[in-house]
Amino acid sequence: MRPANLSGASRLFILALAIFASVLGACRTSQRPDIKTDPTIQTKTEPEAKVAERPSLAGRIENMSMYPVPNRREDLAVSLVVSIRNAGSPSIAQGWNLEVNSASRRVPLVLEPVHVSGSVEMPGTTGLKVDLAKEDLVLKTAQVPIAKGALVKGILTFVLSKTSESELASTKTSLVVHFKDSQGNPYQTPKGVIGERTPR
């Protein structure tokens, strides 16, 4: 069976429908919303940087002893038992000095520790001998870092020229030990006053 011959008007109508249908399809494609992914899936969170722990040292003068320097009776040696506790990362202790304040001095006297050897009576004890070279706190804390949570105790000795124990006691002289950790952070002990009992 032959298809019916279409008139010119019918052909134009069918052509117009085909064009309209193709244009409509294109419009729908262009109007299709973009597919968006969940930003929480795309974003990668970087791990938080760890804050480097620093040393946290604390010092305390436990006891003190004063005696004339052998062969230099006009000079006074001051030996201090000092404890150092570390609550931070392991660190050595360094840069030791002693600040001496008294009513007879306008400015504090700052002394460097001296290295001595020999056995002396442990400051704050009766008859207990100690080897100053082995207990030298400067050497003990410079060679082995103080671990976190550890306590190190040793002796620091300083020499005050042309001074007597009675002179220091009468002027209520105070002593403060200064030191630093491996990063150069400064610390100091609480003040100790000569002639007053060291608080426990």
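1. Ser-83 is buried, at a relative accessible area of 5%. Buried means under 20% relative accessible area, exposed over 50%, and partly exposed in between (1.4 Å probe, protein chains only). Ser-83 sits in strand E2, residues 72-86. Strands (E, at least two residues) and helices (H or I, at least four) are DSSP runs, numbered from the N terminus.

2. A note on the model. This is a predicted model, in which local features need pLDDT of at least 70 and side-chain atom pairs count only at pLDDT 80 or more, while totals for chains, interfaces and linings use all residues. Residues are numbered from 1 along each chain as its sequence is written, and side-chain values use heavy atoms, with hydrogens and water left out.

3. Which side chain does Ser-83 join through a polar contact? Its partner is Glu-62, at 2.7 Å. A polar contact is a pair of N or O atoms within 3.5 Å; within protein, one must be able to donate a hydrogen and the other to accept it, and residues adjacent in sequence count only if both atoms are side-chain atoms. Not counting residues up to four places away in sequence, Ser-83 touches Glu-62 and also, among others, Arg-60, Leu-151 and Lys-153. Contact means heavy atoms within 4.5 Å.

4. His-178 lies in strand E8, residues 174-180. His-178 is buried, with a relative accessible area of 19%. The side chains of His-178 and Glu-99 form a polar contact of 2.7 Å. Beyond four places in sequence, the residues touched by His-178 include Trp-96, Glu-99 and Tyr-187.

5. Now the rings. The structure holds two aromatic pairs. Trp-96 and Phe-179 are stacked, because their ring centres are 4.9 Å apart and their planes stand at 25°. Rings of Phe, Tyr and Trp (its six-membered ring) pair if their centres lie within 6.5 Å; planes under 30 degrees apart count as stacked, over 60 as edge-to-face and the rest as tilted. This pair links distant parts of the chain: Trp-96 is in strand E3 (residues 94-101) and Phe-179 in strand E8, 83 residues apart.

6. Phe-179 is stacked with Tyr-187 as well, with centres 5.5 Å apart and planes at 15°. Trp-96 is buried at 4%, Phe-179 at 1% and Tyr-187 at 13% relative accessibility.

7. The chain overall has four helices and ten strands. Of its 200 residues, 32% are buried.
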